[in-house]
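Please keep the sequence and the coordinates at hand while reading.

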Amino acid sequence: MATLEIHDLHVSVDAENGPREILKGVDLTVKQGETHAIMGPNGSGKSTLAYSLAGHPKYTVTGGTVTLDGEDVLEMSVDERARAGVFLAMQYPVEVPGVSVSNFLRTSATAIRGEAPKLRLWVKEVKEAMERLHMDPEFAERNVNEGFSGGEKKRHEILQLELLKPAIAILDETDSGLDVDALRTVSEGVNRVRETGQVGTLLITHYTRILRYIKPDHVHVFANGRIAESGGAELADKLEAEGYEAYTKGGATA
Amino acid sequence: MAEAQNIPAGSTTTGSIAVAAESTVATRMSAPPSYDVADFPVPHGREEEWRFTPLARLRGLHDGSAVAGGADLKIDITAPEGVTHELVDREDPRVGKAGKPVDRVAAQAYSNFEKASVVTVPKETVLTEPIRITVHGAGGTAFGHQVVELGAFAEAVVVIDHTGDALLAANVDYLLGDGAKLTVVSVQDWDDNAVHVGQHNALVGRDATFKSVVVTFGGDLVRLHPRVTYAGPGGEAELYGLYFTEQGQHQEHRLFVDHEATNCRSNVVYKGALQGQDAHAVWIGDVLIQASATGTDTYELNRNLVLTDGARVDSVPNLEIETGEIVGAGHASATGRFDDEQLFYLMARGIPADEARRLVVRGFFAELVQQIGLPDVEERLMSKIEAELEASAA
């Protein structure tokens with residue numbers, strides 16, 4: 001069973017006046033089949049955690065460990081992490097002009113699966129996955145994220161989640177910028193993947209709204225670069241009622 | 001992130017659309033067109049038409065010090081039945097008919113070549129196989145002149161391949177009779193030291209269709225000057241170009257479409273990818289719509305993809321319009337960068353860095369190659385791009 005273990009993770013970024021520490025000792029274990037919601041105010045370091053796990057070059061790990069089934073994730077390049085089973089659905093997916101969605105998906109699936117999927121089965125697989133996410137078939141011929149609306153970008157991220165079937169899925173603010181219909185569609189996609197029991201999900205969000213559609217097993221409050229409190233789904237209800245105030249003032253240095 | 005893509009990396013894009021009675025396109029040249037090299041002053045590098053070109057690397061083509069000799073340039077012409085091929089003197093009326101040299105090196109080529117090669121497709125002859133011209137250099141210096149003439153309603157595809165090493169100044173004339181259809185693919189696949197400068201003149205007959213595909217991969221310095229004029233109304237010109245400029249290479253494409261006849265159409269699409277220190281691509285797109293050229297429809301587009309730091313693009317579209325009675329006129333130029341965010345995104349989906357770069361470049365060129373409309377040429381170009389990408393990754 002795939003397990004992602006984060007232990008005492010410290011991460012810095014280069015700022016104008018030298019490196020600035022953003023993550024200050026994160027401890028978290030995500031097992032296959034579990035869903036963890038990471039909630040916290042803006043600037044608390046949630047997205048830094050997501051991008052650090054995926055290996056974005058902007059972030060420097062200064063301490064701690066991340067392992068996936070005992071393998072050192074921090075030693076892996078970005079593409080190796082993806083092939084090992086770590087998937088990051090991005091808050092701001094990047095435009096790649098000249099590369100069609102269908103070409104991109106197939107290249108990616110080939111890399112992740114270690115062999116090119118059989119064309120006929122693949123076409124069917126993509127078509128069905130797109131239908132489930134209410135995506136127009138012509139979408140496959142557009143260039144990756146080029147001219148996509150906010151909702152289309154997020155659907156496209158979840159389409160990849162469904163096709164690539166990672167062991168660990170990190171969803172970075174997948175709910176941001178979505179209207180209620182799109183939020184429901186995207187959440188249904190995430191739930192289909194979760195229901196397979198094959199994925200451990202790390203759901204990063206600012207709002208509790210998405211948790212009405214995706215029920216977490218664990219909720220963690222992120223503040224000042226580390227996990228300030230952990231609990232069950234009821235913790236989200238508390239945050240809904242009280243906000244992050246208790247974590248941001250005074251308590252932040254605790 | 002996304003918004004960073006259109007920040008040009010070491011590039012300039014200074015286009016202009018002039019609506020004026022005075023032709024700036026013509027007056028920007030330092031001397032009027034002429035067949036005689038003596039009519040052109042030796043360029044010093046600050047002239048409008050030379051300001052992007054590293055003159056020293058022309059190895060004397062621009063100042064008369066380059067002398068023909070050394071290893072021969074080997075030229076082979078394979079043509080289907082019905083096509084004639086001959087060597088003629090410069091007095092032959094077909095030689096130079098498509099256009100006068102507009103700069104000193106083109107005039108030097110015209111003044112220095114010994115015999116011009118003329119390939120003729122008789123009127124109403126429709127070829128099913130391409131005419132192939134291979135030019136292979138073995139390190140010598142050469143001046144040349146090639147004419148391709150299509151009679152009225154003839155149809156042909158010509159593929160010109162340049163390989164090996166040479167210091168070459170050579171012009172090519174395309175003469176299209178009324179209603180003729182000519183597609184030319186000129187591939188510059190030179191070795192690293194080659195220098196190739198030339199002017200390509202197309203004279204497009206009434207209702208004739210000229211399609212040019214210029215593909216530049218190799219060479220130390222390649223500077224080509226494709227030009228189109230229309231001999232009568234209703235002509236069409238599609239000018240496609242594709243270049244892959246690598247470390248230290250200078251690849252310059254200077255286009256000029258002169259709309260004088262009525263109801264003619266021109267469409268220019270040039271795309272280039274650059275990588276490596278001091279890779280330098282220059283694209284100049286001049287279009288002139290003369291007062292007489294009513295019903296003109298023209299568009300020119302240049303796109304560049306900068307893959308690494310240290311590369312430079314200069315892209316200058318110029319459109320000059322002397323009549324308002326046209327169908328359309330426009331231009332666009334953009335230089336984008338394959339940036340770290342795109343690379344990260346593709347790698348985060350399991351795609352290794354080299355393959356990610358290939359995917360982007362392949363996609364970038366495929367959009368253009370698909371417009372060529374000749375399946376075997378398209379296939380060959382894509383596999384050539386593939387090989388170029390493999391070589392650059394190694």
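The sections below describe selected features of a predicted model.

## The sheet of chain A

In chain A, six strands form an open sheet with mixed pairing, in the order β6-β9-β10-β3-β11-β12. Its edge strands are β6 (86–89) and β12 (226–231) of chain A, each of which pairs on one side only. On average, and ignoring direction, neighbouring strands of this sheet are turned by 20° against each other.

Within the sheet, strand β3 (residues 35–39) of chain A runs parallel to strand β10 (residues 200–205) of chain A, and five bridges join them. A:A37 has A:L203 in β10(A) as its bridge partner.

## Helices on the sheet

Helix α1 (residues 46–54) of chain A packs on this sheet, where it touches β3, β6, β9 (168–172), β10 and β11 (218–223) of chain A. The direction of α1(A) makes about 140° with that of β9(A).

Helix α7 (residues 234–242) of chain A also packs on the sheet, and its contacts are with β3, β11 and β12 of chain A. The angle between the directions of α7(A) and β11(A) is about 45°.

A:M1 lies in the segment before β1 (3–15) of chain A. Is this residue, A:M1, buried or exposed? A:M1 has 10 other C-beta atoms within 10 Å and is therefore exposed, the cut-off for that class being 12 or fewer.

Leaving aside residues up to four places away in sequence, A:M1 touches A:K31 and A:Q32. A:M1 and A:S187 are 186 residues apart in sequence, and their C-alpha atoms are 24 Å apart in space.

## Strand β13 of chain B

Strand β13 of chain B covers residues 250–259, and ten of its ten residues are buried, so the strand is largely enclosed by the rest of the structure. B:H250, B:E252, B:R254, B:F256 and B:D258 point one way from β13(B), while B:Q251, B:H253, B:L255, B:V257 and B:H259 point the other way; all are buried.

Strand β11 (residues 221–230) of chain B runs parallel to β13(B) and is joined to it by seven bridges. Here B:L224 stands opposite B:H253 of β13(B). Strand β15 (residues 280–289) of chain B also pairs with β13(B) in the parallel sense, over ten bridges, and B:I289 in β15(B) stands opposite B:H259.

## An annotated span of chain B

An unreviewed UniProt entry places the feature "domain: SUF system FeS cluster assembly SufBD core" at residues 137–364 of chain B. In the model, this span of residues 137–364 of chain B is 9% helix and 62% strand, and its end C-alpha atoms lie 31 Å apart.

Methods
Residues are numbered from 1 along each chain as its sequence is written. Chains are lettered from A and ligands numbered from 1 in the order in which they are written. This is a predicted model: local features need pLDDT of at least 70, side-chain atom pairs count only at pLDDT 80 or more; totals for chains, interfaces and linings use all residues. A residue is buried if 20 or more other C-beta atoms lie within 10 Å of its own, exposed if 12 or fewer, and partly exposed in between; C-beta atoms are placed from the backbone. Helices (H or I, at least four residues) and strands (E, at least two) are DSSP runs, numbered from the N terminus. Two strands pair if DSSP finds at least two bridges between them. Axes are lines fitted to C-alpha atoms, for helices over the stretch in contact, and angles run from 0 to 180 degrees between N-to-C directions. Two residues are in contact if their C-beta atoms, placed from the backbone, lie within 7 Å. UniProt positions are given in the numbering used here, feature names are shortened, and annotations may be inferred rather than shown by experiment.
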